[in-house]
Every structure is written in C-alpha cells, then in structure tokens.
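Hi,

Here is the structure we talked about.

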Amino acid sequence: MILRYFLVYIFYIIMNVDQDISLDELSTWKLDSLRSFLCRRGLSTDGSKAELTALCYAAAKMKISVKPSGEDYLKQIEKDYMDLLTLESLILPDPLKLCDGWVDETDGISVWPPVFLSDIANFLMANSDKSTTTKYLNEYKVGKAYEYFSSRWIKEVFYHKISKESMHCFLRAKCTPSQRVNEEDHTVWTCVDKDTGVIRSAYCSCTAGLGQTCNHVAGLLFRLEAANKLGLSTCTSLPCTWDIPCSRSINIEPKLVSEIIIKKSRHGKDHSRPLTSQEREKYRPLKTHADGKKLISRLINVLPNSVLRKGVEISIESEAIAEKKSLNFACGMQMS
C-alpha cells in the first residue's frame with residue numbers, strides 16, 4: 001500500500017512538474033514519462049529521447065499548463081454555471097429546470113424590474129473587457145446586439161419571481177441563431193434585482209453563453225431597457241405600440257441573391273438596400289441615332305471593302321453602289 005501511494009506521488013510530481021526543473025533532471029526521466037508529460041499538455045510525442053527532453057524543458061520554461069480531460073472540462077463548465085446562480089451565500093434555482101411559475105409577457109411586463117442603459121453598461125463593464133463594453137455602447141441601436149431585439153429575433157420574454165421573499169427574479173427568452181436561423185433557438189436568461197434593476201448574472205445556451213456578454217444576452221437586456229424606457233413596466237395593459245414576437249422559430253424561405261434586401265437601422269431610421277448592386281440593371285445604352293443607317297451606308301460607299309459590311313445590315317441600294325465602286329477600284333488597279 002505504501003509503495004502504491006509512493007508511485008501515485010511520483011506520477012503527480014511528473015505531471016505537475018515545477019517550472020524550475022533543470023534539463024539535467026529531465027534527462028534522467030524515462031521515455032514513457034517524457035511522453036506522458038508532453039501528452040497531457042497537448043504537445044507532440046514523436047522524436048528521440050533527446051528531442052523529447054528538450055521539448056519538455058521548453059514546455060516547463062514556457063509554463064504550458066496541463067490540458068484538462070473531457071470529464072474535467074465538463075466539471076469546470078458545471079462549476080462555472082453554478083457560479084452564475086450563486087449570489088454571495090444565496091444559491092438560486094436553475095431557470096433552465098424551472099417548469100412552473102413563469103408568467104408570459106402580456107401579464108408579466110407590468111412587474112419587470114427597472115432595467116435601464118446604465119444598468120446594462122455596469123453589468124457589461126463588470127463581466128467583459130473594455131473593448132466589448134465600448135462596442136456595445138458605441139454601437140447602441142446600430143450594433144448586432146440591438147438588432148436581435150429590433151428585428152424580433154428575441155422572442156417573448158417570460159418572468160419568474162423565484163419566490164415572494166426573493167429580492168431577485170428571472171427573465172427568460174428564446175433567441176433565433178444569427179447564422180443558422182432554421183436550427184433550434186438559443187435559450188437566454190438573466191437574473192435581476194426586482195426593485196433596483198441591477199443585473200446580477202446572465203446566461204445563453206450559445207457557445208459564448210457562459211461569458212454572460214454575448215449578443216443574445218445583450219439583445220434580451222436591450223428589450224428590457226426598451227420596455228422600461230417606454231414606461232410599460234409600470235402600467236397594467238400593453239399599448240398597441242409594443243409588439244410581442246411569436247415564440248415559434250422563423251422559417252426562412254430560400255430566395256435568389258438578387259431578391260435579398262438588407263435592412264439596417266441608423267439613428268432610429270430604417271434603411272434598406274439590395275444585397276447585389278443594381279447598377280447593371282439601371283444601365284441604359286444610348287439609343288441608335290436616326291441617321292445611323294445612312295451614316296453606315298456612306299462609310300461603305302467610301303470604303304467598299306471594309307469589314308463593316310459583314311457586321312451590319314445595309315440596304316440593297318447601298319449594296320449595289322458598294323459593289324460597283326469595288327469593281328471600279330479593282331479595274332483601276334489592273335490598268336495601273
């Protein structure tokens with residue numbers, strides 16, 4: 001038993017070697033240990049022992065960390081997701097597993113928390129780098145995130161109070177994928193303080209969803225912000241100006257490239273243009289001059305052997321004149 005623990009300890013040291021290990025010490029390792037060291041870091045295990053020793057030494061100096069296994073990766077994802085549901089000492093239920101208690105947008109919009117642009121800015125600054133925050137704020141109403149809301153790709157928003165005593169609430173919606181619109185919708189949720197509108201956490205089922213700042217999450221937050229800016233979260237009925245998108249997926253019919261229209265929103269105004277240029281269709285060549293045929297006939301009379309005769313239609317009269325001049329020209333050449 002002691003020998004077993006000793007071997008496990010030696011293996012742990014080899015796999016998590018100190019960064020200050022010397023090249024001489026690595027040269028004493030067996031070939032299998034060198035390959036195991038490189039394999040766990042995703043490096044090549046081909047080569048001689050001297051080459052593998054040098055590669056291990058370089059990996060140690062460059063502090064290349066051990067790649068997690070598939071099981072470790074899944075555990076890390078679960079941990080990161082649980083961190084989104086942990087607020088200080090409070091652990092919230094998983095909104096993806098809550099089946100009952102959701103209120104649709106028609107009845108729930110009156111109790112939506114007061115989320116405004118300043119709350120969105122504070123949340124983005126706390127959970128993303130400066131460039132991402134600047135992009136969302138500078139491209140407000142013209143960027144991709146706002147287009148998810150304005151183009152109705154963020155579907156109906158459902159509200160969940162969690163409990164009567166809870167200071168927080170959940171808001172959840174479906175979002176159409178931007179690249180493969182006919183595939184399954186993404187699920188987006190956010191946790192917000194009921195009274196203050198402070199955004200605590202957010203998640204999306206897309207690839208970047210654990211980062212809390214993907215375009216789908218921002219699109220949901222912009223929808224909440226638009227409702228509060230219009231004062232809809234304090235009224236008991238929905239004005240006819242507020243449109244609730246349908247929950248079903250959008251079926252995109254295939255179209256010709258020439259029929260596709262690109263729509264953009266700039267400073268509150270909608271602009272549209274065809275995907276392909278229309279300059280070719282607008283091109284109109286000059287109309288044929290009324291005296292064009294007369295001009296061609298005169299040119300043929302002057303140059304009866306011109307190739308112009310083969311490319312245009314000319315009158316019989318002009319043809320006869322041209323043949324006569326061509327014959328006279330040939331006779332003159334023979335006499336000379």
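Is K229 buried, exposed or partly exposed? K229 is partly exposed, with a relative accessible area of 45% (buried means under 20% relative accessible area, exposed over 50% and partly exposed in between, using a 1.4 Å probe and protein chains only).

Before the rest, some ground rules. This is a predicted model, where local features need pLDDT of at least 70, side-chain atom pairs count only at pLDDT 80 or more, and totals for chains, interfaces and linings use all residues. Residues are numbered from 1 along each chain as its sequence is written, and side-chain values use heavy atoms, leaving out hydrogens and water.

Salt bridges

Searching the whole structure turns up 4 salt bridges (a side-chain nitrogen of Lys or Arg within 4 Å of a carboxyl oxygen of Asp or Glu). In one of them, K229 pairs with E225 at 3.9 Å, N to O. These two sit 4 residues apart in helix 10, so about one helical turn separates them (helices are DSSP runs of H or I with at least four residues, strands are runs of E with at least two, and both are numbered from the N terminus). E225 counts as buried, at 4% relative accessibility.

Another salt bridge joins R223 to E105, with the closest N and O atoms 2.5 Å apart. That pair links distant parts of the chain: R223 is in helix 10 (residues 215–229) and E105 is in helix 6 (residues 105–108), 118 residues apart. Both R223 and E105 are buried.

Around D193

D193 makes a salt bridge with R200, and here the closest N and O atoms are 2.8 Å apart. D193 is buried at 6% relative accessible area, while R200 is partly exposed at 41%. The D193 side chain also has a polar contact of 2.6 Å with the side chain of H168 (a pair of N or O atoms within 3.5 Å; within protein, one must be able to donate a hydrogen and the other to accept it, and residues adjacent in sequence count only if both atoms are side-chain atoms).

H168 belongs to strand 4 (residues 168–175) and is buried, with a relative accessible area of 9%. Leaving aside residues up to four places away in sequence, H168 touches several others, including L87, K161, C191, D193 and R200 (contact means heavy atoms within 4.5 Å).

From the record

The unreviewed UniProt entry places "domain: SWIM-type" at residues 186–225. Over residues 186–225 the chain is 28% helix and 35% strand, and the end C-alpha atoms are 20 Å apart.

Cheers

Technical notes:
UniProt positions renumbered as here; feature names shortened; annotations may be inferred.
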